[in-house]
Amino acid sequence: MALLEVKDLEVNYGLIKAIKGVSFEVEEGEIVALIGANGAGKTTIMHAVNCIIPKSAGTVTFAGEDITSIQAHKLVAKGMAQVPEGRRIFQELTVFENLQLGYFTKSDKAAFNAKLEEMYSYFPILKERAAQIAGTLSGGEQQMLAMSRALMSSPKLLLLDEPSMGLSPLYVNTIFDMIKKVNSLGTTVLLVEQNAKKALSIANRAYVLEIGKMTKSGTGEELLSDEAVRKAYLGG
């Protein structure tokens with residue numbers, strides 16, 4: 001049984017069918033990428049899976065439980081955490097306070113301190129900036145903080161929505177290295193990413209989305225070598 005299973009998902013915005021019967025799954029331990037052009041519906045799918053927006057049809061099952069209509073804030077306790085597009089950290093709080101909020105479902109102080117040190121080991125710059133107001137961090141540092149905040153809850157499944165958006169090539173490499181490391185340590189990852197080459201280079205499997213429909217799927221390696229995918233998303 002897949003860790004995450006999405007069946008026949010539909011999302012409508014008024015009369016517009018944004019997502020048209022999409023089905024996919026994520027097995028435990030995988031990195032699965034959703035790639036596609038701007039406006040294809042990648043973020044809409046992520047929001048529907050995470051119950052941030054209503055679904056018009058279809059089902060979402062996580063760890064064997066139907067979560068189609070669950071309230072979004074209850075998903076963290078069940079083992080699902082999202083790093084949203086645009087990071088959306090708490091700009092007016094410190095780095096440390098942001099990380100504290102990522103641990104809000106638990107109360108074990110010793111475990112909190114251990115998790116905090118784990119995050120600092122991933123991104124040492126966050127330890128240096130622990131007392132700094134988060135809104136004053138660079139874009140790359142804010143992305144590190146957003147990822148760390150999500151990981152504070154020790155999720156089974158990490159949802160990443162456009163983690164490379166607006167970052168310098170150096171920070172992009174850092175973030176993708178971190179995604180691989182987190183996955184190697186046991187966290188399953190669902191990745192929505194416009195940088196198709198980067199996403200496919202680390203993905204076990206991937207799905208191609210075009211105007212609300214899945215049009216291709218395969219291993220990351222297969223899609224990297226697919227001529228149509230190369231022409232559409234990889235610059236030829």
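Predicted model: local features only at pLDDT ≥ 70, side-chain atom pairs only at ≥ 80, totals over all residues.
I began with valine 32, which stands opposite arginine 205 in strand S9.

Residues are numbered from 1 along each chain as its sequence is written, and side-chain values use heavy atoms, with hydrogens and water left out.

**Sheet.** I took helices (H or I, at least four residues) and strands (E, at least two) as DSSP runs, numbered from the N terminus. I counted two strands as paired if DSSP finds at least two bridges between them. I traced an open sheet of six strands with mixed pairing, in the order S6-S7-S8-S3-S9-S10. Its edge strands are S6 (80–83) and S10 (213–219), each of which pairs on one side only. Neighbouring strands are turned against each other by 15° on average, direction ignored; axes are lines fitted to C-alpha atoms, for helices over the stretch in contact, and angles run from 0 to 180 degrees between N-to-C directions.

**Strand S9.** I found four bridges between S3 and S9, in the parallel sense. S9 (residues 205–210) is joined to S10 by six bridges, and these two run antiparallel. Leucine 209 has methionine 214 in S10 as its bridge partner. In the hairpin of S9 and S10, two residues lie between the strands, and isoleucine 211 takes a positive phi near 45°. I checked burial (buried is under 20% relative accessible area, exposed over 50%, partly exposed in between, with a 1.4 Å probe and protein chains only). Five of the six residues of S9 are buried, so the strand is largely enclosed by the rest of the structure.

**Helix H7.** I examined H7 (residues 169–184), whose 16 residues reach 23 Å from first C-alpha to last, close to the 22 Å expected at 1.5 Å a residue. The expected span is 1.5 Å times one less than the number of residues. Its buried residues are Val172, Ile175, Phe176, Met178, Ile179, Val182 and Asn183. Seen down the axis of H7, they fall within an arc of 155°, so they line one face of the helix; the arc is that of the directions from the helix axis to the C-beta atoms. On the other side, Pro169, Leu170 and Ser184 are exposed. I looked up what covers the buried residues of H7, by contact (heavy atoms within 4.5 Å), and the cover includes S3, H4 (109–122), H6, S7, S8 and H8 (196–202). Glycine 186 follows H7 and has a positive phi near 120°.
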